[in-house]
Structures are given as C-alpha cells and as structure tokens.
Amino acid sequence: MEHSGLGLAITGCGSATPAVSVDNTQLSQIVETSDDWIASRTGIRHRRLAPPDSSLAELAAEAAKGAISMAGITAMDVDLILLATSTPDDLFGTACRVQAEIGASRAVAFDLTAACSGFVFGMVTAAQYIRTGVYQNVLLIGADILSRWVDWTDRRTCVLFGDGAGAVVMQANEADRLLAFELRSDGMLNKCLNLSYNSQPKPLLEDVAIAQGTFNPITMNGQDVYRFAVKRVPEVIEKALFRANLTVEQVDWLLLHQANQRILDAVATRLHIPSHKVISNLAQHGNTSAASIPLALDEAVRHGQVKPGDMIAASGFGAGLTWGAALFQWGRFD
Ligand code: UT7
C-alpha cells in the first residue's frame with residue numbers, strides 16, 4: 001500500500017474479562033433454551049458477565065495495561081488512546097476515563113463506535129495517525145459490556161453475548177506491518193441489528209417540542225446478519241489480500257469477530273483456509289463485540305499460538321451494518 005511517512009508495528013496486546021462465568025445450562029434457568037441448542041448453533045458454551053459495581057473503563061484499563069507492558073513502553077509514552085466501544089459508561093465517551101485510570105496523561109483520548117467492527121476500524125484509524133507521523137504510540141482498545149444492553153427475556157439474543165476487553169499497542173516502525181485493509185458500511189441494512197434510542201415527544205414551550213427517552217435493548221435479525229457475514233467477510237479479506245499482493249496460502253491465522261463458530265467455519269471454507277488456522281475462543285467468551293478480536297489475539301499470543309511475524313487476516317462485522325478486514329503481521333521482528 002502506498003503512503004508517505006512512517007510504517008507501524010503492533011507490538012503489544014492485553015485483555016481482561018470479568019471473573020464471573022455463566023454456562024449455557026445456567027442460562028436455561030432464565031430463558032427457554034438448552035446447552036445443546038446454543039453449543040450446536042453457535043459454538044458458545046460460556047460467557048463472562050460484568051458485575052453491577054464494575055465499569056467499562058476499569059475493564060478497558062486492565063486490558064490496556066497488559067498491552068502497554070508487553071510493548072515495553074509506559075503509559076506516559078502513549079500519544080493517542082482509541083476506545084472502540086458501543087457500551088460506554090458515559091455517552092460523552094469513556095476513553096478519557098481510561099486515560100485517567102492508566103495514567104496516560106500525555107495522551108489524547110476518544111471513543112470510536114462501529115459496533116463489532118470497532119476494533120478493525122480503530123486499527124485503520126490508528127494507522128493513519130502513525131503513518132502521517134503525527135503520533136508514535138497508539139493504544140487501541142476494544143471493550144464492551146453488552147450484558148447491560150441485551151433483553152434477558154429474548155433467547156434469540158441474550159445467549160450470544162459476553163463482556164470483555166482487549167487492547168493492542170501500535171507503534172511507529174520503519175517497516176509497515178499493516179499490509180492492507182478494506183472497510184465497508186451499508187446503512188441500508190441498519191435495521192438488521194440495533195441498540196436504538198426510543199424517544200417520546202415532549203412539549204417544552206407552546207410551539208417547541210423535544211424528544212426524551214431511553215435506549216431499547218439489542219434487536220437482531222440473526223439470519224440476515226448471518227447471511228451478510230458469510231458473504232461479505234470473505235470479500236473484504238480477498239480485497240485486502242489483493243491489495244497486499246498476497247495469496248490466501250500466506251495467511252497464518254484467520255482472526256474473525258467471534259460471533260458464531262458456524263460463521264467462522266463458513267468463511268474459512270469459502271477462503272480455503274484450513275480449520276487449524278482459525279482462531280476461536282467463542283466457547284469460553286461468546287460474542288464480546290468490539291473486544292472479540294483483540295481478546296482472541298491476546299489469548300493466542302500468550303498461549304504461544306501466534307508468533308512474531310505471523311500473518312493475520314482479521315475481520316470484524318456487525319451493526320451499521322459495518323464490516324472490514326485488516327491484514328497485519330503480529331509483533332516486533334526483523
Ligand atoms: O456481533 C454481531 C453479529 N451477529 C451475528 O453475526 C449473528 C449472526 N446470526 C447467528 O449467529 C444466528 O442466526 C443465530 C445464532 C443468532 C441464530 O441461529 P439460527 O440457526 O439462524 O436460528 P434461527 O434464528 O433460524 O432460529 C431457529 C429456531 C427458531 O425456532 P422455530 O421458529 O424454528 O420454532 C428459534 O425460535 O431456534 C429458536 N431459537 C432458540 N431455541 C433455543 C432461537 N434462539 C434460541 C435459543 N434456544 N437460544
């Protein structure tokens with residue numbers, strides 16, 4: 001990919017999940033479901049759920065500290081914090097609270113909302129700041145607490161989601177390890193997946209009315225999103241590979257948003273990527289939205305699966321609808 005200025009490397013990762021784990025059988029006490037249905041349709045067996053007294057900022061900060069430490073920098077070295085989330089503690093943004101929590105007082109911080117695509121969109125956003133020479137060290141966090149926003153009486157959605165955070169440090173580097181990307185949005189499909197504001201008109205003055213209300217829980221047309229993901233995700237990965245002049249055989253790991261094991265398998269089959277190259281932690285965590293890709297990356301790195309120099313095809317997809325792929329080489333290496 002052509003660009004003027006510096007390249008970047010992804011030099012550290014970290015993650016954090018709440019301590020409480022709930023399995024499928026426990027969920028069958030809340031809604032009419034079964035371990036067999038959830039596991040066979042999605043691959044999910046457990047999910048972590050954030051307790052009432054916890055915050056997104058705390059979860060994000062814990063993931064951030066792991067990434068900063070692995071990268072071998074300090075919080076004071078961070079120039080920019082991007083927090084990809086759809087479930088902030090505060091609608092004005094939570095990135096600044098993370099900044100305070102980790103003591104990155106030099107950094108500028110803001111939230112980025114692109115649902116389950118947030119991490120991939122954030123990676124590309126971070127890359128622009130580094131490649132233009134504006135910032136050297138960017139902390140990118142994907143974090144969501146969707147348990148606060150699902151309808152726990154709706155078995156079609158509540159069994160799918162879990163809470164968590166994942167983070168990476170991206171640093172200016174002579175060689176550019178983000179080899180290509182492709183980002184897409186289609187607002188025509190917005191109705192497939194929403195966490196929408198439900199407002200009621202409220203008269204304020206004689207001829208002035210405003211609206212006030214609350215957010216509705218998540219609604220999703222699962223089959224439409226499933227079909228969209230299986231078709232569109234391989235396309236953006238192929239486009240990124242084409243841009244980087246690479247073949248699918250050169251991909252070491254397929255790292256998809258962890259929405260459903262059947263989606264992971266179908267995308268891998270379409271791309272002719274063997275199953276041993278597919279990273280999956282769905283069984284333990286379910287769908288953690290913006291956190292799912294960096295959480296799975298961090299586990300794979302810390303378990304010694306993903307090694308420095310490995311080629312990763314990452315792809316996020318979800319509400320918007322949004323989807324995108326980023327092709328990168330992990331870590332610091334010569
Ligand atoms: O992160 C954002 C991106 N989101 C996604 O990628 C989600 C994509 N979609 C999916 O993963 C799948 O569509 C689901 C896992 C959400 C649903 O699986 P499905 O195979 O598409 O099931 P379905 O919606 O066609 O439902 C089949 C049946 C229905 O019953 P009937 O109408 O056939 O009698 C549902 O009512 O399964 C029923 N059902 C359940 N049964 C037991 C739906 N949810 C449950 C449940 N337990 N939790």
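Just after helix 2, glycine 43 takes a positive phi of about 85 degrees; helices (H or I, at least four residues) and strands (E, at least two) are DSSP runs numbered from the N terminus. This is a predicted model, in which local features need pLDDT of at least 70 and side-chain atom pairs count only at pLDDT 80 or more, while totals for chains, interfaces and linings use all residues. Residues are numbered from 1 along each chain as its sequence is written, and side-chain values use heavy atoms, with hydrogens and water left out.

**Exercise 1. Find which residues of helix 2 are buried, and what covers them.**

Step 1. Recall the cut-offs: buried means under 20% relative accessible area, exposed means over 50%, and partly exposed lies in between (1.4 Å probe, protein chains only).

Step 2. In helix 2, residues 35–42, the buried ones are Ile38, Ala39 and Thr42.

Step 3. Look down the axis of helix 2: its buried residues fall within an arc of 100 degrees, so they line one face of the helix. The arc is taken from the directions that run from the helix axis to the C-beta atoms. An α-helix has 3.6 residues a turn, so residues three or four places apart point the same way.

Step 4. The cover over these buried residues includes helix 1 (24–27), strand 3 (46–48), helix 8 (261–271) and helix 9 (282–285), where contact means heavy atoms within 4.5 Å.

**Exercise 2. Describe how strand 7 pairs with strand 1 and with strand 6.**

Step 1. Strands pair if DSSP finds at least two bridges between them. Strand 1 (residues 7–16) pairs with strand 7 in the antiparallel sense over 9 bridges. Here alanine 9 stands opposite glutamine 171 of strand 7.

Step 2. Strand 6 (residues 137–145) also runs antiparallel to strand 7, again over 9 bridges. Leucine 140 has valine 168 in strand 7 as its bridge partner.

**Exercise 3. Work out the strand order of the open sheet with 4 strands, and what packs on this sheet.**

Step 1. The order is 8-15-14-13, with mixed pairing. Strand 8 (178–185) and strand 13 (253–256) are the edge strands, each pairing on one side only.

Step 2. Between strand 13 and strand 14 (residues 311–318) the pairing is parallel, over 4 bridges. Leucine 255 stands opposite alanine 314 in strand 14.

Step 3. Helix 8 packs on the sheet, touching strand 13 and strand 14, and its direction makes about 140 degrees with that of strand 13. Axes are lines fitted to C-alpha atoms, for helices over the stretch in contact, and angles run from 0 to 180 degrees between N-to-C directions.

**Exercise 4. Count the aromatic pairs and classify two of them.**

Step 1. Rings of Phe, Tyr and Trp (its six-membered ring) pair if their centres lie within 6.5 Å; planes under 30 degrees apart count as stacked, over 60 as edge-to-face and the rest as tilted. By this rule there are 4 aromatic pairs.

Step 2. Tyrosine 129 and tyrosine 135 have ring centres 5.4 Å apart and planes at 35 degrees, so this pair is tilted. Tyrosine 129 is partly exposed at 28% relative accessibility, and tyrosine 135 is partly exposed at 21%.

Step 3. Phenylalanine 228 and tryptophan 323 form an edge-to-face pair, with 5.2 Å centre to centre and 85 degrees between the planes. This pair links distant parts of the chain, 95 residues apart: phenylalanine 228 lies in helix 7 (residues 222–243) and tryptophan 323 in strand 15 (residues 322–329). Both phenylalanine 228 and tryptophan 323 are buried.
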